[in-house]
Amino acid sequence: MTYAIEAQGLRKSFRTHEAVRGVDLAIRQGELFALLGPNGAGKTTTIHMLTTMLRPDGGTARICGRDVVTEAADVRRRISVTGQYAALDESLTGWQNLTLFAGLHGYTRRESRALATELLESFRLTDAGGRAVGMYSGGMRRRLDLAAGILSQPEVMFLDEPTTGLDPQSRQELWEAVRRLVKNGTTVLLTTQYLEEADQLADRIGFIDQGKVIAGGTPEQLKASIRGKTLTIRPGEGTDPADICKLLASEHGLEAHKDEDGQVVKAAIQEAALAYAVIGTLFDHAAAIDDFALSEPTLDDVFFALTAARGKEVAS
Ligand SMILES: Nc1ncnc2c1ncn2[C@@H]1O[C@H](COP(=O)(O)OP(=O)(O)OP(=O)(O)O)[C@@H](O)[C@H]1O
Ligand SMILES: [Mg+2]
């Protein structure tokens with residue numbers, strides 16, 4: 001089977017630092033694959049190698065069966081990489097930018113105009129189409145960038161953090177645009193800081209940490225890999241989240257951690273009944289609690305469990 005994106009043992013070092021240490025990927029045509037991982041994990045470096053911008057030190061990668069090193073020009077014709085709005089001309093309107101790009105991709109004047117109008121509409125930019133791009137908000141710019149990216153009708157699109165810094169409304173609109181792309185058969189590899197975004201959008205997810213893919217699967221498979229439930233405790237005024245973590249460890253042997261900027265304490269528990277015992281303990285120690293919840297694990301919990309397990313591996 002020919003995969004849209006295929007990598008085997010991809011490696012890249014910067015001086016002595018091994019940024020990517022043997023990444024394997026096999027992404028089918030029409031799949032939406034999300035690459036997740038902490039800052040510095042090697043996501044962007046991997047994308048740079050897959051998009052021929054950076055030469056791998058080792059391993060191989062193919063896009064639609066073409067080698068990223070020996071057939072780089074062919075690969076480039078088949079892909080689009082967003083996040084480079086340097087390509088957009090700030091002084092021109094959205095519509096002018098798109099007609100210009102269309103012209104560069106070989107469309108006639110007439111076709112270019114029709115295509116620009118159509119793209120503005122499908123990215124909900126019709127009203128903004130007549131305004132200079134320099135005046136666009138971050139969300140509008142990303143949508144225009146995506147529209148420009150699909151003009152070349154790429155088989156594979158790479159979106160490196162397409163929604164970072166966008167407000168919820170703009171994120172939703174961008175998701176819709178990405179969903180439409182995938183529906184039309186484009187293969188998409190994206191990275192995101194927002195795990196719940198990957199949960200909603202991705203067919204499959206790969207977790208990358210310290211330059212290696214450490215877990216992968218559908219969002220459902222990944223969440224099912226954590227057995228039990230997630231216990232979330234929001235301490236009230238005067239209660240230190242760190243003290244709650246210590247209590248859960250000493251009284252119940254639970255491995256708790258702080259989340260949401262240290263505002264809440266989370267712990268994975270195997271049995272719901274344990275939650276009652278925890279409440280009792282907090283009550284006995286007069287710990288003030290604002291909120292207390294038992295829920296199904298989220299991708300954030302999976303991510304935490306994976307990186308925590310890896311931390312232990314490295315330490316031992
Ligand atoms: N051009 C470069 N020169 C030196 N080191 C680099 C270079 N590019 C990346 N690195 C290093 O390689 C590692 C991986 O970086 P990369 O940008 O791929 O991470 P990332 O997963 O995309 O992180 P983020 O979530 O912050 O975008 C980091 O330690 C980074 O400092
Ligand atoms: Mg990055």
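**Figure 1. Overview of the predicted protein chain.** Of the 316 residues of the protein chain, 46% count as buried, where buried means under 20% relative accessible area, exposed over 50%, and partly exposed in between (1.4 Å probe, protein chains only). This is a predicted model, in which local features need pLDDT of at least 70 and side-chain atom pairs count only at pLDDT 80 or more, whereas totals for chains, interfaces and linings use all residues. Residues are numbered from 1 along each chain as its sequence is written, chains are lettered from A and ligands numbered from 1 in the order in which they are written, and side-chain values use heavy atoms, with hydrogens and water left out. The C-alpha trace spans about 75 × 45 × 35 Å along its principal axes. The protein chain contains eleven helices and 14 strands; helices (H or I, at least four residues) and strands (E, at least two) are DSSP runs, numbered from the N terminus. Among contacts (heavy atoms within 4.5 Å) with a separation of 6 or more, 67% join residues 24 or more positions apart.

**Figure 2. The two assigned domains.** The domain assignment gives domain 1 (5-218) and domain 2 (227-296), with bounds that come from an automatic or database domain assignment. Their C-alpha centres lie 40 Å apart.

Figure 3. Polar side-chain atoms lie at 2.8 Å (Lys-43), 2.7 Å (Thr-44) and 2.5 Å (Thr-45) from an oxygen atom of ligand 1. The protein covers 60% of the 640 Å² of accessible area that ligand 1 has on its own.

**Figure 4. The nonpolar cores.** A nonpolar core is a set of buried Ala, Val, Leu, Ile, Met, Phe, Trp, Tyr and Cys residues joined through side-chain atoms within 4.5 Å. The largest one has 46 residues, and Leu-98 and Ile-205 have the most contacts inside it. A second, separate core of 24 residues includes Leu-50, Ala-61, Cys-64 and Ile-208. In soluble globular proteins, nonpolar side chains tend to be buried together.

**Figure 5. Helix α3 and its cover.** Helix α3 (residues 94-104) has as its buried residues Gly-94, Asn-97, Leu-98, Thr-99, Phe-101 and Ala-102. The cover over these residues includes α4 (109-122) and α5 (138-150). Leaving aside its neighbours within four places in sequence, Leu-98 touches Ala-116, Leu-119, Leu-120, Leu-144, Ala-147, Ala-148 and Leu-151. Just after α3, Gly-106 takes a positive phi of about 90°.

**Figure 6. Glu-31 in its loop.** Glu-31 lies in the loop between β2 and β3 (32-36) and counts as buried because its relative accessibility is 6%. Its side chain reaches the backbone nitrogen of Arg-28 at 2.9 Å. Apart from neighbours within four places in sequence, Glu-31 is in contact with Ala-26, Thr-186, Thr-187, Val-188, Asp-203 and Arg-204.

Figure 7. Most residues other than glycine have a negative phi, and most peptide bonds are trans. Arg-15, in the loop between β1 (5-14) and β2, has a positive phi of about 55° although it is not a glycine; at 85% relative accessibility, Arg-15 is exposed. Cys-64, in the loop between β4 (58-63) and β5 (66-67), has a positive phi near 50°. Cys-64 is buried, with a relative accessible area of 12%.

Figure 8. Beyond neighbours within four places in sequence, Pro-297 is in contact with Lys-223, Ile-226, Gly-228 and Thr-230.

Conventions. A polar contact is a pair of N or O atoms within 3.5 Å; within protein, one must be able to donate a hydrogen and the other to accept it, and residues adjacent in sequence count only if both atoms are side-chain atoms. Accessible areas come from the Shrake-Rupley method with a 1.4 Å probe; for residues, only the protein chains shown count as cover.
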